[in-house]
Amino acid sequence: MKSEKISRRDFLKLSGLGLAGLFTPPLNFHFDDPFAGLLGRVTTRMIWMYDQPSSGATTVKFCQRDARLSITNTAISDDVTSHNRVWYQIGTEGFVYSGYVQPTRTLLNTPSMDIPRDGLLAETSVPFTDAYESPDKTSKVAYRIYYETTHWVKSVTTSDDGQVWYQIRDDKYDKLYYARAEHLRIMTEEELAPLSAEVPNADKKIQVRLDEQIMIAYESDQPVFVAPISTGGIYRIGTYTTPKGSFITYYKRPSRHMAAGDIAASGFDLAGVPWVQYITKSGISFHGTFWHNDFGRPHSHGCINLSMQTAKWLYRWTSPQVSINKEFSFGGMGTNVEIVL
């Protein structure tokens, strides 16, 4: 397929679903004000807050990693050359650049006391919560899990103080940890049902455009969804590229603990990465991204970074399908992927 330019109007129209995901809450949660309860979690070591939506404005204060900021509005910067002009207004305090702020909410859940043997898939529904080595808040923290990351709940227990804990499995190290059950939302079969199931898989295709840093989903050569992405970038220890060519989504997982390299030197250790679709044996994949919100420019170690909601949509749209009680689907008929300049 010829790589034709997508007009700004078409981009906004087609990407509406993906961009709306910034403000879309989980099922059965309704509100009149789209900013009600919306929190921005700082995803990097620190960011500055400014008195205007511009990095050239006066700094107000700096915000450290995992700080939760109350987002009350959005603003568009005057820098027309920027790949991302969206800023978040933080009440009367100031403005922060959206690229390193993850929109989140705090939604508490009624724990499920009946966990089947195969376990249940759950999504973190608070800005972050800690996973402990034992069902005890005084035990050692294994790692921190973040909003909309996904985890396999294997059992449930109640500690002496009445706190209900889910036992979650770390798929990379095959270890079991414990997180507060009200911080994890058990996912339903309905919300993971296939999208456009009536369209033959042969008529579906994903095109990744590296120069434009966008992903387009096609049905019968008609674009049905487009979203900004982040592909391989340049880091201190080297340059990471996203390979060009033709691939298929042959291996899918709803959750994956991804880790490699030295974290102090551009390595990573990311628990609960959601909606993973591998396209190469070396590990290149589409997946949800919670460690930045800076889509539209290269930013990864070679994978195709997507917003959490975009990744979930794409995961449901492609083949092979993954049963809700299964941790992965490997092989079979995958959806075609074309990566071009």
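Modeller: Threonine 158 stands opposite valine 164 in β13. This is a predicted model, in which local features need pLDDT of at least 70, side-chain atom pairs count only at pLDDT 80 or more, and totals for chains, interfaces and linings use all residues. Residues are numbered from 1 along each chain as its sequence is written, and side-chain values use heavy atoms, with hydrogens and water left out.

Biologist: Why are β12 and β13 said to pair?

Modeller: Two strands pair if DSSP finds at least two bridges between them. Strand β12 (residues 150-158) and β13 have six bridges in the antiparallel sense, and therefore they pair. Strands themselves are DSSP runs (E, at least two residues; helices are H or I, at least four), numbered from the N terminus. Five residues lie between the strands of this hairpin, where glycine 162 takes a positive phi near 90 degrees.

Biologist: How do you know that β13 also pairs with β14?

Modeller: β13 and strand β14 (residues 175-180) share six antiparallel bridges, and tyrosine 166 stands opposite alanine 179 in β14. Their hairpin has four residues between the strands, and aspartate 174 in the turn has a positive phi of about 55 degrees.

Biologist: What makes β13 mostly covered?

Modeller: Buried means under 20% relative accessible area (exposed is over 50%, partly exposed in between; 1.4 Å probe, protein chains only). In β13 (residues 164-170), six of the seven residues are buried, so the strand is called mostly covered.

Biologist: Why are β4 and β8 called edge strands?

Modeller: The open three-stranded sheet has the order β4-β1-β8, with antiparallel pairing. β4 (68-70) and β8 (101-104) each pair on one side only, and are the edge strands.
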